[in-house]
Amino acid sequence: MKRRNVLRVLSAAAVGGALVPLTSPTRSSAATNGPRAADLTAHWDFPEGAGVTTREKVTQSTNPINYVFNDAVYKPDSAPLWSPKQEADGVLSGALLFDGYSTWIARGAAETTLPTDGLTVEGWVAPRAFEWGDEGNPSVIINQQDKGARRGFSLGVGRHGVWKFEIGTGDAWYEVAAPQSAALTAGKWAHVAAVFSPADGQIRLYLNGESVAQATVPTSARLSKADVPLLIGRHNQPVVINGTFAVNMFNGLIDELKLHGGALSGAEVAAGHQADLNTFTGGTIPDAAMEMDRSRYEGDRYRPAFHFTAPNHWMNEPHAPIQVGGKYHLFYQHNEHGPYWHNICWGHAVSEDLVHWRDLPVALVPTADSVAPDGVWSGASTLDANGVPALLFTAGNDSIRPNQAVGLARPADPDDSDFAEWKMHPTLVISQKADLDVGADRKIRFGDFRDPFVWQEGGTWFQLVGSGVQTSSGTDIGGTALLYTSTNLTDWTYAGPLMVGDVAAHPKTGQVWELPTFLPIGKDAQGRERRALLINPAFPAGPGEYSSKYVFYWVGVWDGSSRKWTPDSTEPRLLDYGDHFTGPSGLVDDKGRSLVFTIAQDRRSEQGHHDSGWAHNAGLPIVLSQREDGDLAFEPVAEVAGLHDGAALVNIDSPTSVSDANAALGSVKGDLLHIKLTMEAGSAAQFGLDVLRSPGDEERTRLFYDTSATELGVDRTRSGNVSSAVPDLGIQKGPLALVGGKLTLEVLVDRSIIEAYANAHRSITTRAYPSRTDSLGVHLFGEGSTVTSLTVWKMGGMAV
């Protein structure tokens with residue numbers, strides 16, 4: 001059944017100020033560019049196909065197009081985005097693409113004449129994605145409104161593609177919304193028209209020439225013009241997120257946008273729609289060409305080239321990696337609207353070698369009437385009994401508590417090796433229960449239940465879900481990974497906590513564990529399987545200073561038959577010392593390797609995210625294994641060598657002094673480098689490597705080993721902090737034993753991200769934002785130490 005049309009009337013005393021004078025446009029049946037063309041008061045047909053301005057056709061005035069890279073901060077200037085001009089696309093050739101957060105057109109309040117006794121707004125739109133709809137506001141297609149004063153008008157699209165038209169008369173505010181059955185479809189062109197016709201006592205909506213909704217208004221109603229600019233693509237009164245990002249903005253293509261100085265009839269709207277169809281080759285609505293283009297960031301001095309990034313805008317955890325038919329699939333948390341956390345969906349990419357990635361369409365999005373109307377958050381993947389991939393995801397639904405549960409999705413076409421389209425299972429597969437048994441005098445932290453991790457042993461699937469445990473009185477005990485089992489992926493049985501943390505003893509491990517990742521690392525002397533449990537701590541009760549900085553791990557013995565894991569110690573161990581390595585996920589590939597993916601936090605300011613247009617990137621995938629002492633060993637995948645751009649720039653394979661090695665490094669300049677270095681401590685109190693170093697050492701990021709403290713660290717006091725969220729980047733460090741008096745570093749420099757792996761046992765993932773363009777050098781230090789070996793390569797990009 002269709003939902004009832006929405007009509008809301010806000011009555012109030014009349015607001016002072018004169019109404020817009022009634023105009024009497026000439027009626028004409030001679031239609032050019034649609035019916036009653038003489039009634040047009042404004043028409044944006046976007047004929048340019050390129051550039052930073054567009055011409056409004058009626059007045060022949062030029063309107064500037066606002067866009068973040070018109071005056072770029074971190075890259076060369078570039079123009080707003082447009083779809084390609086193609087003759088077959090007729091009137092939709094070369095439409096303007098609104099990026100969802102920075103593209104809009106402004107026109108002065110007095111530049112457009114609007115009658116009071118009738119108005120028609122129409123245009124072609126192809127939404128790329130739909131916003132969450134903060135404060136109930138739609139993402140505006142066009143508006144000139146002051147809703148608080150009940151003046152003006154707005155046409156926009158809201159949650160899940162439901163679009164609406166709003167009119168203010170000074171004493172009332174009228175709204176009419178299309179039913180869900182007439183919602184817009186992401187990625188598809190649609191012709192929308194909204195008619196304010198007080199003579200008929202109606203507001204009407206038309207989709208592709210057909211009536212889809214109407215509401216009643218008094219015949220005495222008159223439009224009261226708002227004394228604010230007319231905006232296309234941006235809300236006049238937007239909600240602002242993080243003090244920086246104006247939401248309620250349109251994301252997608254707009255073309256043939258028209259304001260008519262009167263109320264068109266249904267027949268006239270249909271005729272105009274048909275006239276546009278006649279311009280398309282074969283009368284077929286063209287494809288909406290608006291794939292996210294990575295080239296818009298060319299020249300960005302801080303955007304990584306060979307670490308995986310979302311094609312545009314925001315990403316956080318890469319997750320749910322899976323290998324099927326020789327291809328690795330990776331999903332990630334993504335906001336299609338801008339470089340901020342909101343409207344989270346699952347991005348998707350595929351690779352044959354773990355380092356070169358090809359973008360695929362978004363896999364999962366929040367949709368109406370699904371198990372996840374409010375967000376599709378992190379999860380995992382596995383193969384079902386038929387070898388077909390399945391996704392387990394955190395389903396967000398704000399209408400229930402907790403608003404987090406586990407959903408299931410499968411490929412729409414299992415024969416498509418890209419698995420480009422996915423369908424959600426109609427019901428949840430696991431919901432958190434308040435009475436889960438987590439031990440005597442304990443209770444689950446109800447409301448925190450997310451980030452499934454899944455693996456299979458024989459005919460049984462195991463699933464971990466992150467949560468927290470409290471005392472029966474509500475005091476936080478620590479995070480937990482809850483264990484479930486299933487024989488069919490849809491029916492799951494609770495088996496208890498795999499492990500519970502101790503936040504009092506170890507405050508940095510959090511009240512809640514997110515993204516539990518549980519991977520095999522080898523066998524012990526008795527042939528028992530050893531696994532590593534990696535967790536991302538969360539702090540819903542604070543303090544915020546520990547958030548999104550750490551991954552802790554434990555190693556121990558796993559017995560799948562008894563569902564029991566016995567860690568070697570309850571003491572948590574920190575994997576990475578750099579404060580930027582978070583959000584683990586993983587898989588076992590066809591080579592038997594346990595692979596882990598992470599998110600590398602960029603820790604930039606919100607303004608830095610806004611001005612750059614992107615946020616965060618993945619770390620390089622790493623391989624877990626077991627050291628001789630039973631602890632965890634890890635290093636980057638060997639496939640990283642496939643990113644080498646040419647032969648080695650430097651290759652030292654015999655003991656060499658630091659000064660002679662620096663002479664060989666003198667010609668090395670770059671911010672895309674792979675460095676393998678072994679140094680013997682000798683008599684040096686401190687030794688190591690500087691990267692992103694300016695010629696005079698004014699700027700550099702220093703990776704060091706302190707022999708007396710037996711610590712590995714990074715000194716970023718001279719790294720440069722352009723756009724950093726904190727002014728003092730400081731020093732981060734942690735314990736590490738040398739091996740035979742030697743330190744072996746594998747260092748990857750990718751513009752603003754630096755990853756250093758030490759003795760295959762500890763790592764430092766860090767960021768640097770140099771202010772100098774010549775901070776590109778590599779330099780060794782440590783008088784008394786010896787360079788045993790050193791190789792340096794230039795690196796290429798990850799995109800295929």
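## Aromatic pairs

The count comes to 30 aromatic pairs, where rings of Phe, Tyr and Trp (its six-membered ring) pair if their centres lie within 6.5 Å, with planes under 30 degrees apart counted as stacked, over 60 as edge-to-face and the rest as tilted. Keep in mind that this is a predicted model: local features need pLDDT of at least 70, side-chain atom pairs count only at pLDDT 80 or more, and totals for chains, interfaces and linings use all residues. Residues are numbered from 1 along each chain as its sequence is written, and side-chain values use heavy atoms, leaving out hydrogens and water.

Here are two of the pairs:

| Pair | Centre to centre | Angle between planes | Type |
|---|---|---|---|
| F98 and F250 | 6.4 Å | 80° | edge-to-face |
| W346 and F393 | 6.4 Å | 80° | edge-to-face |

F98 lies in strand β6 and F250 in the loop between β18 and β19, so the pair ties together parts 152 residues apart in sequence. Strands here are DSSP runs (E, at least two residues), numbered from the N terminus. F98 is buried at 0% relative accessible area; buried means under 20%, with a 1.4 Å probe and protein chains only. F250 counts as buried too, at 1%.

As for the other pair, W346 belongs to strand β22 and F393 to strand β25, 47 residues apart. W346 is buried at 0% relative accessibility, and F393 is buried at 0% as well.

Ring pairs also link F453, W455, F462, F518, W558 and W565 into a cluster.

Note on methods. Helix = DSSP H or I, 4+ residues; strand = E, 2+ residues; numbered from the N terminus. Buried < 20%, exposed > 50% of the residue type's maximum accessible area, 1.4 Å probe, protein only.
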